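This briefing is for a reader meeting the structure for the first time. Please look over the sequence and the model before reading on.

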Amino acid sequence: MQNSYTHALKSTNDSGFYSIIEYDLESPDIQQQFVELFAEIQTEFVSWYPGYISSTFVASTDGKRIYNLVHWKSEAYFTHFENMSDTQSRSEAIDKALSK
């Protein structure tokens with residue numbers, strides 16, 4: 001599994017900031033499992049941070065990608081999350097969940 005972050009401002013009709021995370025999956029067989037497990041990890045590691053609004057998962061039709069759109073009140077809240085969060089533990093939790 002590989003991931004990369006892409007930052008984008010939300011449309012002018014809405015407020016806030018989105019971080020868009022793309023995950024490339026090794027097998028389409030794990031796509032649904034990944035969404036379920038990642039939603040749990042999102043709740044544990046991300047959702048309680050100040051400025052977090054919501055998270056939306058989008059699954060590709062070929063089963064090989066997942067996009068996670070995380071809505072923040074502002075880019076400053078997202079930057080605070082990136083600077084203060086435990087990225088290593090979050091990544092380890094994802095790897096551990098997928099190895100089950």
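The points below cover the overall fold, the nonpolar core and the salt bridge.

The model is a predicted one. Its chain has 100 residues, and 32% of them count as buried. Three helices and four strands make up the secondary structure of the chain. One salt bridge is present in the structure.

**Overall fold**

- Taking contacts between residues at least 6 apart in sequence, 56% link residues that are at least 24 apart.
- The chain has an accessible surface of about 6,200 Å², and carbon and sulfur atoms account for 49% of that surface.

**Nonpolar core**

- The largest nonpolar core is made of 18 residues.
- Within this core, the residues with the most contacts are Y23, F34, V46, I66, W72 and I94.
- At least two core residues come from each of β2 (17-24), α1 (31-45), β4 and α2 (75-84).
- With five residues, α1 gives the core its largest share.
- Leaving aside residues up to four places away in sequence, I66 touches I21, E22, Y23, L25, Q31, F34, V35, F57, V58 and A59.

**Salt bridge**

- The partners in the salt bridge are R65 and D62, whose closest N and O atoms are 3.3 Å apart.
- The side chains of D62 and R65 are also joined by a polar contact of 3.3 Å.

**Surroundings of D62**

- D62 is located in the loop that runs between β3 (52-59) and β4 (65-72).
- Besides its link to R65, the side chain of D62 makes a polar contact of 2.6 Å with the side chain of S60.
- Along the chain, D62 and S27 are 35 residues apart, and their C-alpha atoms are separated by 9.8 Å.

Technical notes. Residues are numbered from 1 along each chain as its sequence is written. This is a predicted model: local features need pLDDT of at least 70, side-chain atom pairs count only at pLDDT 80 or more; totals for chains, interfaces and linings use all residues. Side-chain values use heavy atoms; hydrogens and water are left out. A salt bridge is a side-chain nitrogen of Lys or Arg within 4 Å of a carboxyl oxygen of Asp or Glu. A polar contact is a pair of N or O atoms within 3.5 Å; within protein, one must be able to donate a hydrogen and the other to accept it, and residues adjacent in sequence count only if both atoms are side-chain atoms. A nonpolar core is a set of buried Ala, Val, Leu, Ile, Met, Phe, Trp, Tyr and Cys residues joined through side-chain atoms within 4.5 Å. Buried means under 20% relative accessible area, exposed over 50%, partly exposed in between (1.4 Å probe, protein chains only). Contact means heavy atoms within 4.5 Å. Accessible areas come from the Shrake-Rupley method with a 1.4 Å probe; for residues, only the protein chains shown count as cover.
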